[in-house]
Amino acid sequence: MPFHARKKVMFVHDIIRFEKVSFRYPDEEKWILSDFSFSVRGGERVVITGPSGCGKTTLLFLCNRLYPDNCDGILTGTINLFGRDHTKFIPGEINHRVATVFQDPDSQFCMQTVEEELAFTLENLHVPRDEMDKKICKVLALTDLSDFRHAVIQQLSGGQKQRIATACALIMEPQVLLLDEPISHLDPYTAKKYVEWLDQLQKKQGMTVIAIEHRLDLWGDFFDRSIPLVPIDNAVPLIKRKSTKQTETSLVVNKIIAKPFLKETTFTLNRGEITVLAGPNGSGKTTLLRALCQLIPSKGTVQPEFLGYVPQSPEFLFLTKNVRDEVAYGGGSDVNEIMTRLKLLPITDAHPFAVSHGQKRRVAIAAMLCDGREVILMDEPTSGQDAAALFELFQLIDERAREGTTFLIVTHDMEFTHCIADSVLLLKDGYLTGKFEADVVWDNEQLLHDHHLLSPKGVLRHEKCFA
């Protein structure tokens with residue numbers, strides 16, 4: 001993708017330079033990065049691309065010295081940060097200048113409330129107490145999070161947590177902002193606004209932005225250039241599937257309520273039906289899935305009671321010490337086929353906690369597909385997936401639906417939704433707006449606006465969903 005529409009700025013000298021850098025863990029023979037060289041100048045906006053598991057997150061962790069300072073990795077080559085050898089920085093020094101927003105925002109929170117988390121960041125920077133309130137108010141206003149100042153972080157949605165993690169990074173007033181798929185948990189409207197907001201912020205402060213991203217459609221011309229780590233395999237474009245739902249009812253949800261947020265919700269899904277659950281960040285999508293699986297206190301009835309569930313943080317499911325055992329844990333007979341199709345064979349002996357974010361999701365999905373549940377719930381399964389993995393996931397869901405499995409999928413990916421969904425459930429402020437045939441949603445501008453959705457490109461041009 002060319003990045004040329006934005007007016008170029010005059011970049012200063014290199015602030016990050018890698019020369020023939022290789023990195024691996026001591027108990028693994030394969031190098032995650034091998035003889036990799038690149039440089040970034042001050043004020044640049046750079047996106048790192050490549051297939052899931054190719055080392056993109058590792059590259060960011062080398063830029064902020066999380067690696068090798070906090071792991072036993074083997075590093076060769078030369079890394080210069082701000083004109084100095086990376087080994088010359090004292091512990092914690094580089095983190096005053098390089099801020100990071102991780103793939104999983106939960107992994108970087110230490111405190112209970114948003115205000116406490118921001119104050120904790122400032123305390124680590126030795127900001128005087130009498131200056132903290134002003135800085136906290138400023139960054140909350142900047143990120144449109146003022147209403148969440150006293151909110152309990154773990155009670156917020158994944159998208160809201162992502163914005164809070166970004167606010168915690170920005171309150172440091174960094175020279176470099178590292179972003180690991182920052183819009184993956186944001187609804188389409190909020191993601192678009194996030195990019196617009198980041199664009200204006202970068203112009204004002206002149207900071208360098210380095211981001212990892214699989215899908216660039218919502219970023220427009222934000223980036224100056226792309227750095228591919230490894231070429232992504234050419235994936236067959238997704239084509240809108242034909243409905244496979246049957247007349248037999250498969251899932252009955254009757255008056256489910258989960259206080260204090262999820263209001264009374266009733267709906268049914270047919271056997272073989274693929275339904276996407278959509279709506280703004282914080283509308284109650286994850287809460288509904290958890291209530292259906294009886295993972296949180298709730299009232300109402302659900303039939304059947306035992307549902308397959310792939311959570312937003314898939315590591316919460318992991319019980320074994322390697323990927324193969326994890327996928328086979330439920331006793332499925334098609335482990336090899338599913339692992340092959342979801343591109344998990346190269347990491348078959350790896351610990352599930354040690355693989356990339358996208359790979360963790362595919363491990364959890366593979367395990368659930370092998371488990372043979374009649375109804376499967378998935379929370380953001382497309383996050384962190386490159387085009388090839390997304391295609392195989394699409395195919396597997398379609399095939400299982402044809403065999404009679406019913407799917408309820410939370411996703412903010414409207415291109416994927418357009419291609420795969422028979423129907424769409426819309427949530428807003430804890431209320432179920434209704435269940436709609438998928439094509440009806442794309443034709444209703446008011447529904448799209450009210451639920452922070454954007455019409456898929458495929459609807460506009462009536463052809464392939466991914467080019």
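Helix 7 (residues 285–292) is largely enclosed by the rest of the structure, because 6 of its 8 residues are buried. Buried means under 20% relative accessible area, exposed over 50%, and partly exposed in between (1.4 Å probe, protein chains only). The model is predicted: local features need pLDDT of at least 70, side-chain atom pairs count only at pLDDT 80 or more, and totals for chains, interfaces and linings use all residues. Residues are numbered from 1 along each chain as its sequence is written, and side-chain values use heavy atoms, with hydrogens and water left out.

**Helix 7**
- The buried residues in helix 7 are Lys 285, Thr 286, Leu 288, Leu 289, Ala 291 and Leu 292.
- Gln 294 follows helix 7 and has a positive phi, near 60°.

**Overall fold**
- The protein has 15 helices and 18 strands. Helices (H or I, at least four residues) and strands (E, at least two) are DSSP runs, numbered from the N terminus.
- A compact globule of 467 residues would have a radius of gyration near 23 Å, so the protein's 22 Å agrees. This radius is taken over C-alpha atoms, and the globule rule is 2.2 Å times the number of residues to the power 0.38.
- Along the principal axes, the C-alpha atoms fill a box of roughly 65 × 50 × 45 Å.

**Packing**
- Of the 467 residues in the protein, 57% are buried.
- Of contacts (heavy atoms within 4.5 Å) between residues at least 6 apart in sequence, 71% join residues at least 24 apart.
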